[in-house]
Amino acid sequence: MTADRPRRRPAWTGSPWVALLLPVLFSLVDAALVARNSSWWENGLSVLAAVALLLRRRFPVLVLLLTLPGSFLNYIWIAPVTAVYSVAAHRSRAWVTTLAATVFALVEFFHWPFADHPLAFDRDNALYAIQCVMLAAGPAALGLLSRTRRELATKLDELTRGQERESRLLAERVLISERGRLAREMHDVVSHQVSLISIQAGALQVSSADPAAVATARTIRELSVRTLEELRQMVGVLRASGVRRDVPLAPQPRLADLCRLIRESGLPADTEISTGELPWPEAVERAAYRTVQEALTNISKHAPDSAVAVKVLARGARLRVEVRNGPPPVPSGGHGEVLPGGGHGLVGLRERAQLLGGTLTARPTPEGGFEVLADLPAARD
């Protein structure tokens, strides 16, 4: 045997139109039941009381006043009871609800004709007075309960949003602390190692008599100094993240710096750069520069003696970046130490291109080499 699944209520039962029209329909049925011994104008007041319920959410007090004549003359109940409920549910002032319930109770007790209910102090009048009070107090209490429940739901929603804001602030505080820790680690570890590289290169530059070695040492020292400057700048940005939004970055590389980058890489690259006259956005120029930089770095690691081709060409409103290298030649001697690489550089470049609305692909070539292709738009589509 399989357990019975709970039945879902039909969608129409939760419609606001159903909640609005049902009391009107019931009030019309109530008016029809008491219309047998009434005149046409008394029936008209009963119908007016039922139709007026359509405006009970926007004008509850006015609707109550429109239902009272029918209750006074024709003994209808549903329309004025619904109106009292609406006043209590949609008006926040307690005295308005009390006054509305009191007026309805008085109209119900002193209904037309007056001779039917003399002001006699007897049991029948006392019981009828209690009935009128309960008939007015019941819908008023239900309306107050509905309004209180709605206000509690609003307060609960505000409390939930407040807790979510506190959680976000706590997460940001933890993130700022973690960024500060990473900044300290970067400064203590990376800066120390790069400083040693710079010092050793300076010592080699002074002590060596070989012009080629001196030039290489000078290049290593310049790259080390530039790396230290960029590292200190990024450490400052990490420490200031979440505190200051206007922390200036160091001058970022542009397309004009590509020739210097290729020259300093030491790779015999066949270069073709034609960016046209279109002023490219700074983010696009920086992405193109970083793409070429990462590709040349990977070539220096894995195929330093291979043929390299670098092309940065404008294609209308898009910038095409191509970096290809041929297959690495077979080494004739011993193997050098393999430089580490985690593949995060290409992942970051692909994310950078996607944020700009472009694409980046990196794949091996049929000849055994590798190519990196980036297509960057002048502005995001």
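Which residues of α2 are buried? In this predicted model, in which local features need a pLDDT of at least 70, side-chain atom pairs count only at pLDDT 80 or more, and totals for chains, interfaces and linings use all residues, they are Glu42, Ser46, Ala49, Ala50 and Ala52. Residues are numbered from 1 along each chain as its sequence is written, and side-chain values use heavy atoms, with hydrogens and water left out. Buried here means under 20% relative accessible area, exposed means over 50%, and partly exposed lies in between (1.4 Å probe, protein chains only).

The overall picture comes next. The protein chain has 10 helices and five strands, taken as DSSP runs (H or I, at least four residues, for helices; E, at least two, for strands) and numbered from the N terminus. Of its 381 residues, 31% count as buried. Among contacts in the chain with a separation of 6 or more, 67% join residues 24 or more positions apart; a contact means heavy atoms within 4.5 Å.

Back to helix α2, which covers residues 40-52. The buried residues of α2 pack against α1 (16-33), α3 (60-74) and α4 (78-90). The axes of α2 and α3 come within 8 Å and cross at roughly 145 degrees, where axes are lines fitted to C-alpha atoms, for helices over the stretch in contact, and angles run from 0 to 180 degrees between N-to-C directions. This crossing of α2 and α3 is left-handed, a term used if the near helix is turned anticlockwise from the far one by less than a right angle. On the α2 side, the residues that meet α3 are Trp41, Glu42, Asn43, Leu45, Ser46, Ala49 and Ala52. Their partners in α3 are Val63, Leu66, Thr67, Pro69, Gly70, Leu73 and Asn74. By class, this contact has eight nonpolar, five polar and one charged residues; Ala, Val, Leu, Ile, Met, Phe, Trp, Tyr, Cys and Pro count as nonpolar, Asp, Glu, Lys and Arg as charged, and the others, Gly among them, as polar.

Helix α1 also has a buried set, made up of Leu20, Pro23, Val24, Ser27, Asp30 and Ala31. What covers these residues includes α2 and α4. The 18 residues of α1 should span 26 Å at 1.5 Å a residue, in agreement with the 27 Å between its end C-alpha atoms. In the loop between α3 and α4 sits Tyr75, which has a positive phi of about 65 degrees although it is not a glycine. Most residues other than glycine have a negative phi. Tyr75 is partly exposed, with a relative accessible area of 37%.

Attention now turns to the nonpolar cores. A nonpolar core is a set of buried Ala, Val, Leu, Ile, Met, Phe, Trp, Tyr and Cys residues joined through side-chain atoms within 4.5 Å. The largest one holds 29 residues, of which Val292, Leu296, Val310, Val312, Leu319 and Leu376 touch the most other members. At least two residues of this core come from each of α8 (258-265), α9 (282-302), β2 (308-315), β3 (318-325), α10 (344-355) and β5 (370-377). The most are given by α9, with eight residues. A second, separate core of 21 residues includes Ala52, Leu64, Phe104 and Ala136.

Helix α9 has 21 residues and reaches 30 Å from its first C-alpha to its last, close to the 30 Å expected at 1.5 Å a residue. Its buried residues include Val292, Ala295, Leu296 and Ile299. Ile299 is also among the contacts of Asn325 outside four places in sequence, as are Val308 and Phe370. Asn325 is found in strand β3 and counts as buried because its relative accessibility is 11%.

Pro366 and Pro327 are 39 residues apart in sequence and 9.7 Å apart in space, C-alpha to C-alpha.

Conventions: Expected span 1.5 Å × (residues − 1).
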